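Please keep the sequence and the model in view while reading.

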Amino acid sequence: MTSPLEQKKIRITGPSVVTANRTWDGAVVYRTGQRGWSTELVDAAIVSTSDDARALLAESAADDVGAVGAYIAPVEIKDGGSIKPGNLREHIRAKGVTIDLRVPA
Amino acid sequence: MYAYDELDRTLISERVSEFRDQVKRRLSGELTEDEFKILRLQNGVYLQLHAYMFRVAIPYGTLSSKQLRALAHVARRYDRGYGHFTTRQNIQFNWIKLAELPDALADLAEVGIHAMQTSGNNMRNVTSDQWAGVAPGEIEDPRIWSELLRQHTTLHPEFSFLPRKFKIAITASEHDRAAIKIHDIGLRLHKNADGETGFEVLVGGGLGRTPFIAKTIKPFVHGRDILSYVEAILRVYNQYGRRDNIYKARIKILVHELGIEKFAREVEEEWKQMGDVGLTLDHAAIEEVRSRFSYPAYEKLPHMPDELKQAAHDPVFERWRKNSVFPHKVQGYSIVTLSLKPVGGPPGDATAEQMDAIADLADRYSFGEIRVGHEQNLALPHVAKRDLPALFKALDRVGLATPNVNLVTDIIACPGLDYCSLANARSIPIAQELTRRFANHDTAGLIGRLHINISGCINACGHHHVGHIGILGVEKNGEEFYQITIGGRADENAQMGTLIGPAVPYAEVADVIEDIVEAYLALRDRPEELFVDTVKRLGVEPFRERVYATR
Ligand code: HEM
Ligand code: SF4
């Protein structure tokens, strides 16, 4: 999972979204089609060409007060239209840590 | 215990108000993230996968019960009810909201805790032996020197804008518990032939992308000269250090490129030329700092109290005592390690309830003092032996009496892909699975001392290079893979482990480690031969064969 923070050239190979962390609390957020941010992946604007991805990222990055560290992340569109994170890193960001947090007493 | 002076207190509270203002300006949009980033990093705030991460320093690993309760409070009030103790005597909170951070900092400031020097290209938290001041046979308490160095380097302009971050560790015991050989500067306190106290000075250690073991540049520097000598090292580093390339900026690279002899000569030269720059420590200055460390009023107690004799009939207690209780310099007392490595739990995590419970137990049994070690465990440094049975029961009730200290399940692991934005692969679930595989503490006891260290990327926060078994997460075609090394060690004989072969996928790591351990059990020439010694004697080949023959 090479850190996408290193993302330089933008070339996408499949459906993608723009994600970031919300400035005031750090929560994982996705750029919506209404120039806002949502904590739900289902609300994300989905892009499928590199040009659209670049435009969405530029628009998102301009909103530095709303969220920080915006980058493009892959998603999978399942049959029936539901959206899933496209890799393990994004899965963890969307669903939380893969470990049971409670230290057994 | 250490008493901060007024200057420190004023400094800490000024920093909190300053940061409160900066956060306000960030949230209103007055500051951009680019402008704000350096400010938040100066206060220990990173941005991770799910949230901001907040790193708090625990200077030389010494905490009061009051401070630990404040950390518990931060975990409960501002985070998700737990904290993660790191390998550098820090604690990290993983879910802090930026908007609430100034409040968290203010609450910690009340008990003299801060997050300065936990990030950025400056002098970091000067670490030391977690048994400082209580270990038998220690030359003297190394924390006095950590503190002298801390005072000298905190916010000192020359140390605030270094080519790269800079870490110092100090030990005063034969057995190095502070891992000084993997620090930028390692200091070993010892006495010269005339009985004077001073330091062996080692330079250029570090892990990460280009790991190096520190080498000695001067066998003895008198204690009174240590600040000026460190200053000379820093000057040479500032003069040559590569600011142009982040991967080459650490002092270890400079030492490697110049060669240790040349580097040592340059430092010596600089030191002579500097002359007296007002850094020579006089007796009074050293004693002033010494006097601010208070030691408990120990009682005169028997070596073997009745309570302990009776409890010895309980095999569960005995197993824990033999594993987690260590000799103290004062008769009748012990040092007790509290394992933060329960079977199936994330290494180094403690819940707010556990922190509160430990604080209470420290008040009752350890003169209100707690220590944080680099193995991600805690310790109670002054426990009367007669109290051990009662302490054991109390610890067991809160899940802090796992008898696995220094054993195969006492794993060091970085946060990895579950939290860290730099990770290639997960670390914690690998550790959890391994603790389940070796869950039988009696079997683990038979295997003996074995340190498994796991990092989720080459930054090596989990010290994988120096694990007896090291596990490093890498990425292959978007999948998690792990490179496995054996034979590393972090003590006075520090060395890097050797890779045993191609990386293995996530699902196979625990099997591979089991194979390695089984191979060791078959190969060791007697039960006392430690894993690392068997690897040293036989090399990696027999282990490689065992692991890859069937894969
Ligand atoms: C999750 C947040 C963390 C981030 C983003 C992070 C980042 C880094 C980075 C980038 C380095 C390499 C610095 C260099 O090469 O100069 C580093 C080194 C290090 N980290 Fe972390 N780290 C994190 C958590 C931790 C934790 C939890 C621990 C302890 C368990 C830790 C212990 C260390 C140590 C000991 C080093 C020094 C290794 C050396 O000597 O080169 N870090 N960290
Ligand atoms: S070793 Fe890598 S993955 Fe682990 S905490 Fe450090 S930077 Fe993150």
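This is a predicted model: local features need pLDDT of at least 70, side-chain atom pairs count only at pLDDT 80 or more; totals for chains, interfaces and linings use all residues.

The SG atom of Cys461(B) lies at 2.1 Å from the iron atom of ligand 1 and is its only protein donor.

Most residues other than glycine have a negative phi. Ala460(B), which is found in the loop between S17 and S18 of chain B, has a positive phi, near 65°. His463(B) lies in the loop between S17 and S18 of chain B as well, and its phi is positive at about 55°, although His463(B) is not a glycine.

Ala460(B) has a relative accessible area of 4%, so it is buried. The value for His463(B) is 10%, and therefore His463(B) is buried.

## The second largest pocket

The second largest pocket holds about 560 Å³ of space. It is lined by 30 residues, of which His175(B), Glu375(B), Asn406(B), Arg449(B) and His451(B) are the closest to its centre.

Which strands each supply at least two residues of this lining? They include strand S14 (369-372) and strand S15 (378-384) of chain B. Sorted by class, the lining consists of 11 nonpolar, 11 polar and eight charged residues.

## Ser228(B) in helix H7

Ser228(B) belongs to helix H7 (residues 226-240) of chain B. Because its relative accessible area is 7%, Ser228(B) counts as buried.

What does Ser228(B) touch, apart from residues up to four places away in sequence? The residues are Trp271(B), Met274(B) and Leu279(B). With Trp271(B) there is a polar contact between the two side chains, at 3.0 Å. Met274(B) is 46 residues away from Ser228(B) in sequence, while the C-alpha atoms of the two are 8.4 Å apart in space.

## Helix H5

Helix H5 (residues 143-153) of chain B is mostly covered, with 10 of its 11 residues buried. Among the buried residues of H5(B) are Arg143(B), Trp145(B), Glu147(B) and Arg150(B), together with Ile144(B), Leu148(B) and Leu149(B). Ser146(B), His152(B) and Thr153(B) are also buried in this helix.

Methods:
Residues are numbered from 1 along each chain as its sequence is written. Chains are lettered from A and ligands numbered from 1 in the order in which they are written. Side-chain values use heavy atoms; hydrogens and water are left out. Buried means under 20% relative accessible area, exposed over 50%, partly exposed in between (1.4 Å probe, protein chains only). Helices (H or I, at least four residues) and strands (E, at least two) are DSSP runs, numbered from the N terminus. Contact means heavy atoms within 4.5 Å. A polar contact is a pair of N or O atoms within 3.5 Å; within protein, one must be able to donate a hydrogen and the other to accept it, and residues adjacent in sequence count only if both atoms are side-chain atoms. On a 1 Å grid over the protein atoms alone, a cavity is a set of points where a 1.4 Å probe fits but cannot get out, and a pocket is an open set with protein on both sides within 12 Å along at least five of seven lines; lining residues have an atom within 4 Å of a point. Grid points are joined across faces, edges and corners, and a volume is the space filled by probe spheres set on the points. Ala, Val, Leu, Ile, Met, Phe, Trp, Tyr, Cys and Pro count as nonpolar, Asp, Glu, Lys and Arg as charged, and the others, Gly among them, as polar. Donors are N, O and S atoms within 2.8 Å of the metal (3.2 Å for Na, K and Ca); water is not among the atoms, so sites may look incomplete.
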